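This briefing concerns the interface between two protein chains. Please consult the sequence and the 3D structure shown next.

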Amino acid sequence: MKLVPLGDRVVLKQLEAEETTKSGIVLPGQAQEKPQQAEVIAVGPGGVVDGKEVKMEVATGNKVIYSKYAGTEVKLDGEEYIIVKQSDILAIVE
Amino acid sequence: MKLVPLGDRVVLKQLEAEETTKSGIVLPGQAQEKPQQAEVIAVGPGGVVDGKEVKMEVATGNKVIYSKYAGTEVKLDGEEYIIVKQSDILAIVE
Amino acid sequence: MKLVPLGDRVVLKQLEAEETTKSGIVLPGQAQEKPQQAEVIAVGPGGVVDGKEVKMEVATGNKVIYSKYAGTEVKLDGEEYIIVKQSDILAIVE
Amino acid sequence: MKLVPLGDRVVLKQLEAEETTKSGIVLPGQAQEKPQQAEVIAVGPGGVVDGKEVKMEVATGNKVIYSKYAGTEVKLDGEEYIIVKQSDILAIVE
Amino acid sequence: MKLVPLGDRVVLKQLEAEETTKSGIVLPGQAQEKPQQAEVIAVGPGGVVDGKEVKMEVATGNKVIYSKYAGTEVKLDGEEYIIVKQSDILAIVE
Amino acid sequence: MKLVPLGDRVVLKQLEAEETTKSGIVLPGQAQEKPQQAEVIAVGPGGVVDGKEVKMEVATGNKVIYSKYAGTEVKLDGEEYIIVKQSDILAIVE
Amino acid sequence: MKLVPLGDRVVLKQLEAEETTKSGIVLPGQAQEKPQQAEVIAVGPGGVVDGKEVKMEVATGNKVIYSKYAGTEVKLDGEEYIIVKQSDILAIVE
């Protein structure tokens, strides 16, 4: 089985374990992004998403930094993936 | 009786039982998506939705991953369905 | 007396009693939709609503599923109605 | 003295006394509309409002249902009025 | 010294003392407008504001009703003024 | 060293000390603007900002009233500046 | 290894240590920007971002002031970087 993302979604496989979060009170409205390194597993077709043309800039195999809070964790055949929108990918690591 | 979704709505039938949620305090403003596998039962016609042209990319019978928090549970003839917008479907499982 | 809805509004008459809500703390920002079955009593003319062209897709007599939280309850001549925007109607039941 | 509404504003005169609100905790993000019957006293010219063309659909003398939370109460010469945007008027009562 | 408002801003001089606010807990997301009568002291040039063409509809000397929560109080040469956007002016009193 | 603002940003130098804030509970969603007088030190080039054409209307040396909550305080060579977007400037004082 | 930012993202290297934050209660919805000086390390290609054309105005080596709350901290090869959108850069320091 494989995941075929829709629109501007990208399927990622996390490369590093999550760091321990420092305990504290999270307040709504403040950006709280824990950066993550991941490998791109599958890339959606792009096209018109929410009325706007989106061109996919990442490719399968890219190692990327993404904002964790935007992603959705998915478990398939015992493997864990993260599905994000391309706009949640901040940079490619080369 | 059957459900005929409007606009960019999609009728889903859940494939797996919900996982137990880890107890914790949910704070507003943070994305809290519990991924779900489901089968597509019916697909809306698409067209102009909220002023934007939407083309339907999923088809009846597709097995999909969706974001639970966007869906609405509906009970019809003793069967439970979930109605989501297509943009809440993250990927097709093949 | 009768209700003539404006714009993309639809007048509904509820078909089923509301289910008892499970007690719990409602947190802002999370979609909290209790699906409802209703009959369409009157349909607005559509047209340009909030700067966007809206075409009405439901008709008087349709049995529909809608999201309760978007509706406004109205009492007229002892009868209770719900006025919703068409976009709050999820599906037609056939 | 009379009120001349600007843009898509409509001046209303309430027809019924407000119902007693059931005590309870109001949580942000949930629509909390108490429907109201009122008579239309004055109608703004419409035109471009917030960058969108608005055509006025109600006329002086119309009896209408509106969403209370969007209105602003105004006292003039001992009379109480409510000023709403036309989009807060749900239906005309005929 | 005089105030020359920018864009769609309007400088007002309040005509009536503020009414005593009834004590109560203010909850976010609910419109809480205390209507105010004021005289128009200066009117901005209008033009393109936030990407939208705005035409000024009020003139110096007009007596207007405005929504207090949108205004900013300014003290100049011992006089108090309120600067609002034209869209916060609800009606002209004639 | 000098500050060269980007886009529709404006660098201000405050003219007056902040007034003592009356203690009270600040609730989210309510506009809480403390007006401020300042001198314009530097003006960004304007142009397309967030997809909208912005024309700069203020000039170096102008004395302006601005909304404090939108500004960012910056310390450079021992001097304190405030950087705001032009839309946060309410009026020019002449 | 190096970071190649996507779209309108910019990779920064902080120049100064964060100032001690004055203790106090942070309330949601209020802008809370702690200005930061940083050097530009890498600049994304710009282009169409979220449906809007973005032209990059900063260059590698620029010393800039940015809003901290919009940035995401990234650790690569023991070095710490901050990735921001160009719109979070307030001014260039010359």
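In this predicted model, 20 residues of chain B are in contact (heavy atoms within 4.5 Å) with 21 residues of chain A. About 1700 Å² is buried between the two chains, with 61% of that area given by carbon and sulfur atoms; buried area is the accessible area (1.4 Å probe) that two parts lose on being put together, summed over both.

**Polar and charged pairs**
- One salt bridge (a side-chain nitrogen of Lys or Arg within 4 Å of a carboxyl oxygen of Asp or Glu) is counted between chain B and chain A.
- K52(B) and D50(A) form a salt bridge, with their closest N and O atoms 3.2 Å apart.

**Makeup of the chain B side**
- β3 (35–43), β5 (52–54), β6 (63–67) and β9 (89–93) of chain B each supply at least two residues of the side that touches chain A; strands are DSSP runs (E, at least two residues), numbered from the N terminus.
- β9(B) gives the largest share of this side, five residues.
- By class, this side of chain B has 11 nonpolar (Ala, Val, Leu, Ile, Met, Phe, Trp, Tyr, Cys and Pro), three polar and six charged (Asp, Glu, Lys and Arg) residues.

**Strand pairing**
- β1 (residues 3–5) of chain A pairs with β9(B) in the antiparallel sense over three bridges; pairing requires that DSSP find at least two bridges between two strands.
- I92(B), in β9(B), is the bridge partner of V4(A).

**Conventions**
- Residues are numbered from 1 along each chain as its sequence is written, and chains are lettered from A and ligands numbered from 1 in the order in which they are written.
- Local features need pLDDT of at least 70, side-chain atom pairs count only at pLDDT 80 or more, and totals for chains, interfaces and linings use all residues, while side-chain values use heavy atoms, with hydrogens and water left out.

Note on methods. Helix = DSSP H or I, 4+ residues; strand = E, 2+ residues; numbered from the N terminus.
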